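Thanks for coming. I will take one structure today and walk through it piece by piece. Please look at it first.

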Amino acid sequence: GDAGVDDATPNINNFRATQILLGHMDPSWLDTSGLPELHMLGIRGQGQVIGLGDTGVDTSSCAFADPVHQVPYDDVSSDHRKIAAYFTMHGDRKDGVDGHGTHIAGSIAASAQSALGSRGAGVAPAARLAIVDLEDSARPRVYNVPQYNIGSRYFDLFKNSGAFSACSPWSYKEHASLEHDVDDWVWRNSDFLPVFPSGNQAIHSDLRPQVPCSAKNVLCVGASYNAREAYLAKPGFMHTALRIDSAACSYGPTSAACTELPALPAFFGSTTPNAPSACQAVADVCLATGAACPECAYNPAGLGQVSGASLQQTFPDRDACKPLAPMPAGSVCLIDRGVCDFSVKAAHCQQAGGVGAVIVNYADALPVLMVTAEGYNASAINIPVVLVSKADAQAWLVAGHTVTFPVVAKSISALQRAPYSSFNSGGGRLRPEILLPGDNIESIANGAACGLRSMSGTSQSCGFAAGIAALARQYLTSDAADAGTARLASPRASTLRAVIDAAAQTSKGAEVVVHREEGFGLPALGRVLIPSQDPAAPASGLTVLQSEVSASTPQRFCFTVSRTLPLSGSAGDVAPPPRLVLAWTDPPHSAGSLVNDVDLGVECALDGWKQKYPNGLSGPDAANTVEKVVLPDIQTTSTLSNACLVTVTMSSSQAAQPFSLIAAGRFKLQPECEMMAGRSTCKGSSFDRAPFFGFGPFCDQVPVEVAAVSSAASTLTTFPLQWSFAHMKLCGSGLYSFEVDGAPLGQIRVFASRAAGPSLWARRAVERLADWEEDGVVFALRDRGEKLVLTVQVPQDSDWLFIALFLWDRNGPAALRLRCAVGPAGCPVETGAPPVPATAEAASDTNAAAPASLVLYLGFCVGGLAIAVSLGVAFWRASARNRCKVAPEPAARQCIADAEAPPPTLKPFR
């Protein structure tokens, strides 16, 4: 909807949506005099470029204008204050009459402190925009999307401008080749996150998500309501309710403290619109879609005008088409719809002493607008009048009940899906993946120096999503993120999706991980990125990992999880329970199916090590590239922590698949996994009975055999926060010295032992430099500047030396080199392997060759002669597939104006 241009009103609704997305999702904290919490931490989009492919942008608006530098049309510039690049598909270099692109650009990155104030800012006010203008203003609503060259002629423009996320608020109903090509481009550009809206439809139409939102590698977003305060300030006829037997009502995502019925207020009486002419132009479409109509807002003083009044059926006429007998004092008229005009019924009720009127619609009839009859003067009517359905009336509205109305429905919350927002009702892929405010959004108007306008739709949600993705990226790459647990130099698109999804919550509460209409729900980044009140916890309680997995190299992590504490900055705001999110960018598939099915598994001690499956399922998820598990918080004060095993596995036989893993909450990594001993993860009942070849905390890793020859080389993959093992045959007593490098020394942990048991990896995982002794063998690890040096003094002949490597890094794999620099003289050159006991056979079967992402050469020294060490790295990338060419209809813009056509009597609005 379009509320017109207002040069004076602050951008309060845009501001409220920003506070929710960047704060803690706590309505009591919404303070219109303050700033969103991430902005107060300095995360405002500095250094970030955000893409927008839409109708163009009014670059002369005070939100985007630069008085010094020219707009870089068909070019890239680092000089312009707000525009990093402006490309066009037609050459008009301006927004269309609808101003769709300008409005969304304002929600993303508007910044004009002097004119609009802090509340006029977008979600990322310090970011800049890369614009791809798709609409010729002479042909409004026709988008020139390069649908068969979406990579080189569209996404590449954003990426070459420095953007890592982009909102594309348009869609097609069907376009299989475009869906494939989008997935393919993202697979080949895995640090870029495209955002698409799920689409808008009329309430009673097909609400399936559209293309490319259906693609598996994009962030598909739906629209939720704005902050509840926006509707209390400007109550509209689409969000009004009638409350039964309760004058007050508690609010919240799972509140059931009162019963409310949808109630459509009349366009006369105490709910007369503030702007009747503007309301008349758009009301029909609002009724068909359920979108906010700020033009039809009535005086908020009329809310609750009738409070706790009794219902009485009118007499002698149930339809009140004729004058009525006097009503009991303070009662409400219960009226059948009948055949006469609504304003006539209301006048008869008021004349009979009724304090309000509830009109019951025909059976199975859709809601209709209650307007004044032509030529009838309804100015004398001052009571509230609402329309309810026949079914609701029969179930709830009987004489003697008390009612309160009009009220803003308790369901109106930023956690709730807007009724026009498309969703996948058939299960399978989560579309939308998340909801963001898209209803009743006030942002920058096209063609006005500093004007604002209101619009609704999933397009508006798309803009907010691209903005918070950029803020998540800024956070992860800045000093605001904890260097040891969350900071990354180059976050992947899957990492940004995982952070956003970790911050999301459905309208049903934190324990309901997924809702079919909402996906993971509404994200509030403060729930993940704002520091905890616990001074001993990491800076944000956020652990971020980027690694790889294959069918033969499952990744497993042991954590302890402590009790949740309140978040800082918001009095009374309860932090969400601990949660884990796995995300990956999958290779393209001709049918859009998963190529690499990666699975997240979680088992915790307090649940008796029962397997927890992601996304609210009772088994593995085979449809989505994001999987989320929410852990129940520790409720008792006697138990301080919970031990959990997190696994990432892949069932397909494809090459290694990169993935991102987010642990949000008070997680602490336990590399040695000592708490797992009682779980009997090994072939025996404890570590002591682990088989000789059953290495690692789970007794199922086979060490790489290193040949004792001068030219021998062995491969050894070292994944982030994971163990790798090697063994070599010794050649007598004496001093052995090994040099280790290939990664920052602070990230390398090296251990050695003559035994193959848990002493090789347990108890010293957090030590970087150490001395230890084992059965007379003395070990010492030292930092020698560019290398770590491990010395081993063997006093008597021994057969084997076992080496463990741990990569204390969160981004990998990494390349490590290990070589022998000194060894005892006179050692024979020989190779061999220790005997394999029967108990090791199963362990050997479970460990296939590691991915060739890292080559470790381990040289064995004979007679003091050092053997050379070298390193190799191999990369695998999926090849492009042939595309199926389909001729679709033109792309549809996804603001509410583009919902399916309403009945013929309805008037379109924008």
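**Sheets, helices and cores**

I start with a four-stranded open sheet, in the order β21-β27-β23-β25, and its pairing is antiparallel. Bear in mind that this is a predicted model. Which strands stand at the edges of this sheet? They are β21, residues 542-549, and β25, residues 626-630; each has a single partner strand, so one side of each has no neighbour in the sheet. From one strand to the next, the twist averages 15°.

Inside this sheet, take the pair β23 and β25. Strand β23 covers residues 579-583 and pairs with β25 over five bridges, in the antiparallel sense. If you want a place to look, find L582, which stands opposite E627 in β25.

There is another open sheet of four strands, ordered β24-β26-β22-β28, and the pairing here is antiparallel. Its edges are β24, residues 598-604, and β28, residues 667-669; each has a single partner strand, so one side of each is left without a neighbour in the sheet. The twist in this one averages 30° from one strand to the next. Within it, β22 (residues 555-562) and β26 (residues 641-650) pair over eight bridges, antiparallel. F559 of that pairing stands opposite C644 in β26.

Now the helices. Helix α11, residues 458-477, packs against helix α12, residues 493-502, at an angle of about 105°, and the axes are 10 Å apart. That angle makes α11 roughly perpendicular to α12. Which residues make the contact? From α11 they are I468, A469, A472, R473 and L476, and from α12 they are T495, L496, V499 and I500. Sorted by class, this contact has seven nonpolar residues, one polar and one charged.

Is α12 enclosed or open? 10 of its 10 residues are buried, so α12 is largely enclosed by the rest of the structure. The buried residues of α12 include R497 and D501, along with S494 and T495.

Next, the nonpolar cores. The largest one has 75 residues, and L129 and L542 have the most contacts inside it. Helix α11 gives the largest share of this core, with 11 residues. Apart from it lies another core of 36 residues, among them L600, V648, F659 and F695.

Back to L542 for a moment. Leaving aside neighbours within four places in sequence, L542 is in contact with Y475 and L476, T485 and A486, V528 and L529, and the run I662, A663, A664 and G665. L476 also belongs to the contact of α11 with α12.

Strand β31, residues 734-741, is mostly covered, with seven of its eight residues buried. What does β31 pair with over seven bridges? The partner is β35, residues 788-794, in the antiparallel sense. There, V740 has L788 of β35 as its bridge partner. Strand β31 is also joined to β37, residues 817-822, by five bridges, and these two run antiparallel. In that pairing F738 has C820 of β37 as its bridge partner.

To finish, the whole chain. It holds 14 helices and 39 strands. Of its 910 residues, 60% are buried. Among contacts between residues at least 6 apart in sequence, 76% join residues at least 24 apart. That is my part done.

Terms used. Residues are numbered from 1 along each chain as its sequence is written. This is a predicted model: local features need pLDDT of at least 70, side-chain atom pairs count only at pLDDT 80 or more; totals for chains, interfaces and linings use all residues. Side-chain values use heavy atoms; hydrogens and water are left out. Axes are lines fitted to C-alpha atoms, for helices over the stretch in contact, and angles run from 0 to 180 degrees between N-to-C directions. Angles under 35 degrees count as roughly parallel, over 145 as roughly antiparallel, 65 to 115 as roughly perpendicular and the rest as oblique. Contact means heavy atoms within 4.5 Å. Ala, Val, Leu, Ile, Met, Phe, Trp, Tyr, Cys and Pro count as nonpolar, Asp, Glu, Lys and Arg as charged, and the others, Gly among them, as polar. Two strands pair if DSSP finds at least two bridges between them. A nonpolar core is a set of buried Ala, Val, Leu, Ile, Met, Phe, Trp, Tyr and Cys residues joined through side-chain atoms within 4.5 Å. Buried means under 20% relative accessible area, exposed over 50%, partly exposed in between (1.4 Å probe, protein chains only).
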